Amino acid sequence: MKSYTIQISALHVEILLDTVRGFVGNQKLLHLPDQRGEIIGLPLTGHALNTILSFMEEKQLTDKQIVQVELDSTSDSITRVTIHMQDLSFHYDVNLDEFDSL
């Protein structure tokens, strides 16, 4: 399992969501800096970003939140993505072969 911690604001999530909507049929890894400053590619879907954004709506638009993203290979082609934020935790499965790098 790989685990990444990112700090992200609601404004940044909105921008990423607009980007994902523009992919039209293609899924791409979203490249974000982790807490150490390394750029990581994450398979964040529109649904996942919407869920994160709905949780953040109570916060200021530019206040950064800590988000932990775990990637766990469950089979040869499926990876479970688990998102943790304060009181929010959810997961979804993706096929990383279906995601292009940006």
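Two strands are taken as paired if DSSP finds at least two bridges between them. Helices (H or I, at least four residues) and strands (E, at least two) are DSSP runs, numbered from the N terminus. The model is predicted, so local features need pLDDT of at least 70 and side-chain atom pairs count only at pLDDT 80 or more, while totals for chains, interfaces and linings use all residues. Residue numbers start from 1 along each chain as its sequence is written, and side-chain values use heavy atoms, with hydrogens and water left out.

Select β2 (residues 27–33) and β3 (residues 39–42): the two pair in the antiparallel sense over 4 bridges. Show Leu-30, which stands opposite Leu-42 in β3. The β2–β3 hairpin has 5 residues between its strands, and Gly-37 takes a positive phi near 90° there.

Next, select α1 (residues 10–21) and α2 (residues 46–56). Their packing angle is about 155° and their axes are 10 Å apart; axes are lines fitted to C-alpha atoms, for helices over the stretch in contact, and angles run from 0 to 180 degrees between N-to-C directions. That angle makes α1 roughly antiparallel to α2 (over 145 degrees).

Finally, show the side chains in the contact (heavy atoms within 4.5 Å). Among them are Val-13, Leu-17 and Arg-21 of α1, and Leu-49, Ile-52 and Met-56 of α2.

Notes
Angles under 35 degrees count as roughly parallel, over 145 as roughly antiparallel, 65 to 115 as roughly perpendicular and the rest as oblique.
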